[in-house]
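User: I've got a model open and I'd like to know where its labels come from. Please take me through them, cut-offs included.

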Amino acid sequence: MKLKKLKISKNTKCPCGSGKKYKDCCFRWHKIGSAPNALLLMKSRFTAYAIGNADYIIKTTHPTSPHKEKDLDEWKRSIKEFSKSEFKKLEIVEFIDGEKEAFVEFKAYIDDYIMHERSRFVKKDKWYYVDGTQK
């Protein structure tokens, strides 16, 4: 992953809201392509969208997800386009942890819109985002 193509440096505060520098937070999950639990995956996916890391979004989306697109180039292009938005804040409302399935309800403040969703994650070899229900 080449940081110079992204909208952030390793020493910038991580967009996920942890208060840590990106290099000490979501960068590690972006580098290895997964996160150890659904909550950290949710936060690292928010950061990936915020910085335009389409590869991470694609790698962490479950193969059966309705959000998975067949045309990989088009999917990357749409993620990059969405990443041009201003990702202001991520607020975690609720986290329901499970061994193989977990849920994260969140509010993502993007541009002048608040995306309120309850996302579902499943664990196979690693955690994946599957789908979400708008609130």
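This is a predicted model: local features need pLDDT of at least 70, side-chain atom pairs count only at pLDDT 80 or more; totals for chains, interfaces and linings use all residues.

User: Why does Ala35 count as buried?

Analyst: Relative accessibility for Ala35 comes out at 5%. Buried means under 20% relative accessible area, exposed means over 50%, and partly exposed is in between, using a 1.4 Å probe and protein chains only. Ala35 at 5% is therefore buried. Ala35 belongs to the loop between helix 1 and helix 2; helices here are DSSP runs of H or I with at least four residues, strands are E runs of at least two, and both are numbered from the N terminus.

Residues are numbered from 1 along each chain as its sequence is written, and side-chain values use heavy atoms, leaving out hydrogens and water.

User: What makes Pro66 exposed?

Analyst: Pro66 has a relative accessible area of 62%, so it is exposed. Pro66 is found in the loop between helix 3 and helix 4, and its C-alpha atom is 26 Å from that of Lys88, 22 residues away along the chain. Between Thr64 and Asp131 the C-alpha separation is 9.3 Å, for 67 residues along the chain.

User: Why is Asp111 called partly exposed?

Analyst: With a relative accessible area of 36%, Asp111 is partly exposed. Asp111 lies in the loop between strand 2 and strand 3. Its backbone is worth a look: phi is positive, about 55°, although Asp111 is not a glycine.

User: What makes Tyr49 and Phe82 an edge-to-face pair?

Analyst: Two numbers. Rings of Phe, Tyr and Trp (its six-membered ring) pair if their centres lie within 6.5 Å; planes under 30 degrees apart are stacked, over 60 edge-to-face and the rest tilted. Tyr49 and Phe82 are 5.5 Å centre to centre with 80° between the planes, so the pair is edge-to-face. Tyr49 is in helix 2 and Phe82 in helix 4, so this contact ties together parts that are 33 residues apart in sequence.

Phe82 also pairs edge-to-face with Phe87, at 5.3 Å centre to centre and 80° between the planes. Phe82 counts as partly exposed at 32% relative accessibility, whereas Phe87 counts as buried at 12%. Phe46, Tyr49, Phe82 and Phe87 form one aromatic cluster, and a search of the whole structure finds five aromatic pairs.

User: How do you know that the charged end of Lys89 sits over the ring of Tyr109?

Analyst: The rule wants NZ of Lys or CZ of Arg within 6 Å of the ring centre and within 35 degrees of the ring normal. Lys89 has its charged end over the Tyr109 ring, 4.8 Å from the centre. Arg118 likewise lies over the face of Phe103, at 4.0 Å from the ring centre.

User: What makes the space in the largest pocket a pocket?

Analyst: On a 1 Å grid over the protein atoms alone, a pocket is an open set of points with protein on both sides within 12 Å along at least five of seven lines; lining residues have an atom within 4 Å of a point. The largest pocket holds about 450 Å³, a volume being the space filled by probe spheres set on the points. Of its 21 lining residues, Arg45, Tyr49, Phe82, Met115 and Tyr129 are the closest to the centre. Helix 2 (38-51), helix 4 (72-82), strand 2 (101-110), strand 3 (113-123) and strand 4 (127-134) each give two or more residues to the lining.

User: How do you know that residues 38-132 carry a domain feature?

Analyst: That comes from UniProt, whose unreviewed entry places "domain: YchJ-like middle NTF2-like" there; such annotations may be inferred rather than shown by experiment. In the model, the span 38-132 is 33% helix and 39% strand, with its end C-alpha atoms 13 Å apart.

Notes
On a 1 Å grid over the protein atoms alone, a cavity is a set of points where a 1.4 Å probe fits but cannot get out, and a pocket is an open set with protein on both sides within 12 Å along at least five of seven lines; lining residues have an atom within 4 Å of a point.
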